[in-house]
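Work through the exercises below with the sequence and the model in view. Try each task before reading its solution.

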Amino acid sequence: MTTTMKLIALGAMAVMTCAASAQTVQKKAAAGAAKGEAYVEKGLASQGLDGQVYGEVGLSFLSYKIARAGISAKPIMLRAIAGYDYHPNLAAEAMLGLGLRGADAVGPFGASYSVRAGSLFGAYAKPRLRVGGETEFFARLGIANAGTSVGGYTGTDGGAGLSYGLGFKTTTPWKSFGNRPVSVAADYMTYYSGNGVKYTGFTIGAGMSF
């Protein structure tokens, strides 16, 4: 019995020690995030950019087609945007996309292809119309370079060209770092269309201003 009680006591002490350590790590992480955030805020404010820079991250559900080869697939891309508010009705954005999940496709004569979204780089002007201060409807117009990987296909599978789309964004009651409001957005984009290749997608995401 004595041995059992000792083991129970040791177990309880171990649990308490782990809990205390977890709380310490959590506090240090929160303090580190706060310091990092303050540093970013100070840097932006020193350049007169406070409240004018924003970021978004989202999932893009793509539709990828090579018309001349009869190849069609629906890969998934992780997309990030950094934006700058020039005016209440105009922003500029830089876009980065990375392939997250590939998809199988069947071409002519039953040939199998493996399609994976590669890297996407884009720069856009974003005119927008604000409604009620919390919601905006916007358009994007710019240039993007869309790369893909199509296993088993030797023709052109991507390229650079005009890119455009429509969407909306609204501010939610949710808060994030520094008590900043979180926004959610959805859009439909044509990333590339040319040489018989069409690369479009619907994206849902979330972001915040800095």
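**Exercise 1.** Decide whether Asn-195 is buried or exposed.

Solution. Asn-195 has a relative accessible area of 52%. Buried means under 20%, exposed over 50%, and partly exposed in between (1.4 Å probe, protein chains only). Asn-195 is therefore exposed. Next, locate the residue: Asn-195 lies in the loop between β9 (181-194) and β10 (197-209). Strands are DSSP runs of E with at least two residues, numbered from the N terminus. Finally, check the backbone: phi of Asn-195 is near 55°, a positive value in a residue other than glycine.

The model is predicted: local features need pLDDT of at least 70, side-chain atom pairs count only at pLDDT 80 or more, and totals for chains, interfaces and linings use all residues. Residues are numbered from 1 along each chain as its sequence is written, and side-chain values use heavy atoms, leaving out hydrogens and water.

**Exercise 2.** Which residues have the most contacts inside the largest nonpolar core?

Solution. A nonpolar core is a set of buried Ala, Val, Leu, Ile, Met, Phe, Trp, Tyr and Cys residues joined through side-chain atoms within 4.5 Å. The largest one has 25 residues, and Ile-66, Ile-71, Val-150, Tyr-191 and Tyr-199 have the most contacts inside it. Among the strands, β6 gives the most to this core, with 5 residues.

Methods: Helices (H or I, at least four residues) and strands (E, at least two) are DSSP runs, numbered from the N terminus.
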